[in-house]
Amino acid sequence: MENNKQSLILAQARNKKVFSGSRPTGRLHLGNYLGAVKGYLALQDRPDLDCIYSVVDLHGITTPYDSKTYQGQIREVVLDYLGCGLDPQKCHLMIQSQVPEHIELAYLLGTIYPVSRVEQLPTYKEKRAENPDYLNVGLFYYPILMAADILIYKSELVPVGKDQLPHIELTREVARKFNSMFGEVFPEPESYETNGTYVPSLIGSGKMSKSVEGSYINLTDSLEEIKKKLAGAPTDSGKGDKVPEEGGVANLLTLVELFEGKEEKEGLEGKYLGDGIKYSELKENLANAIYKELQPIQEKRKYYEEHLEEVKGILEEGRGYCSIIAKETLREVKRAMGLV
Ligand code: ADP
């Protein structure tokens, strides 16, 4: 019986795989939603694909975190996912550390990847600069573990924001190298990009990120909270002979384009070059547009907050499904590497 179930799962698993994840370092924000989760939603609707979406808790512990509240944070991200519309009938939801084969594959892939290539990654350099007192081996291994997260399911498509593209490139490189050394095992995954692949920070520089205080608007924020956060976003006098291409104003205009459309943004650019922008008005309209998009997410999330047993069941299904595929891939990898 158990064997039949496994064969059935492996047969289903033949569909082209999709994998992606978010770190539970805080609740999801607009960047995660537009850059990644919107892609998850688009792909879960395609019948030719088999989507696995994860809370990558092992990545979240490579930067400072609170072990006492961590389980709660993981749950928040799962609830955010479900609120956004990830549908357990159409995709599998899993917690990375519950399928330890990810770690075993990461170690194996780490043995074929040069240290110097990881050191050159912009994401690694950024994280080093953000946490100079917390440089750990885990952080260094992050991109290799991410390659393992993707390759353990032989995933072919990875919906991610622009900040993650170097990691997808690395994953492709690892897959190529493995195949050339040990024989064809892995496909070379491609990224899947939405049109919000880079949502800028509210503080005027860099991307919106959970780990940068003041940079983000969470999916669970109320209209008042959104207004308060936007009020703190830096601006200028409102006019000039050139529309800024970076900094606080440029970032606000990008958010206007993402939530109110290109025309609205172009209108504001015209004002900047003419009579001037009234930022209080811009921020009021933007807050309303953002909240309009978030309100249905918050309503759906509320349902799952009140049905935590159902959420537990969804994660259990994901763990079981993913474990079977992961074990199968790992067996194949070990055979190819001469370990069994
Ligand atoms: P964070 O940096 O906020 O902790 P994660 O590293 O957990 O986010 O990333 C989760 C997903 O969200 C990834 O696919 C990442 O590319 C995407 N993402 C994160 N920040 C942004 C952003 N500002 N704009 C677009 N996509 C983003």
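# Briefing: contacts, a helix and charged pairs

Asn218 is in contact (heavy atoms within 4.5 Å) with Arg27, Leu28, His29, Lys229 and Leu294, leaving aside its neighbours within four places in sequence. The structure is a predicted model, in which local features need pLDDT of at least 70 and side-chain atom pairs count only at pLDDT 80 or more, while totals for chains, interfaces and linings use all residues. Residues are numbered from 1 along each chain as its sequence is written, and side-chain values use heavy atoms, with hydrogens and water left out.

- Asn218 is found in the loop between β5 and α10 (223-231), where helices (H or I, at least four residues) and strands (E, at least two) are DSSP runs numbered from the N terminus.
- Asn218 counts as buried because its relative accessibility is 11%; buried means under 20% relative accessible area, exposed over 50%, and partly exposed in between, with a 1.4 Å probe and protein chains only.
- A polar atom of the side chain of Asn218 lies 3.3 Å from the backbone oxygen of Leu28.
- His92, which belongs to strand β3 (residues 91-95), also counts as buried, because its relative accessibility is 11%.
- The side chain of His92 makes a polar contact with the side chain of Glu317 at 3.0 Å; a polar contact is a pair of N or O atoms within 3.5 Å, of which, within protein, one must be able to donate a hydrogen and the other to accept it, and residues adjacent in sequence count only if both atoms are side-chain atoms.
- Not counting residues up to four places away in sequence, His92 touches residues including Asp50, Tyr53, Glu317 and Tyr321.

**Helix α9**

- Helix α9 (residues 165-182) has 18 residues and reaches 26 Å from its first C-alpha to its last, close to the 26 Å expected at 1.5 Å a residue, the expected span being 1.5 Å times one less than the number of residues.
- Among the buried residues of α9 are His167, Ile168, Leu170, Val174 and Phe178, and what covers the buried residues of this helix includes α8 (137-151), β4 (157-159) and α14 (308-336).
- Just after α9, Gly183 takes a positive phi of about 100°.

**Salt bridges**

- A search of the whole structure finds 27 salt bridges, each being a side-chain nitrogen of Lys or Arg within 4 Å of a carboxyl oxygen of Asp or Glu.
- Lys17 forms a salt bridge with Asp50, the closest N and O atoms being 2.9 Å apart; this pair links distant parts of the chain, with Lys17 in strand β1 (residues 16-22) and Asp50 in strand β2 (residues 49-55), 33 residues apart.
- Lys17 counts as buried because its relative accessibility is 3%, and Asp50 is buried with a relative accessible area of 9%.
- Asp163 forms a salt bridge with Lys207, with the closest N and O atoms 3.2 Å apart; the pair links distant parts of the chain, Asp163 lying in the loop between β4 and α9 and Lys207 in the loop between β5 and α10, 44 residues apart.
- Asp163 counts as partly exposed because its relative accessibility is 26%, and Lys207 is partly exposed with a relative accessible area of 28%.
- Lys242 forms a salt bridge with Glu245, the closest N and O atoms being 3.4 Å apart, and both Lys242 and Glu245 are exposed.
- Salt bridges that share partners join Arg27, Glu76, Asp80, Arg301 and Glu305 into one network.
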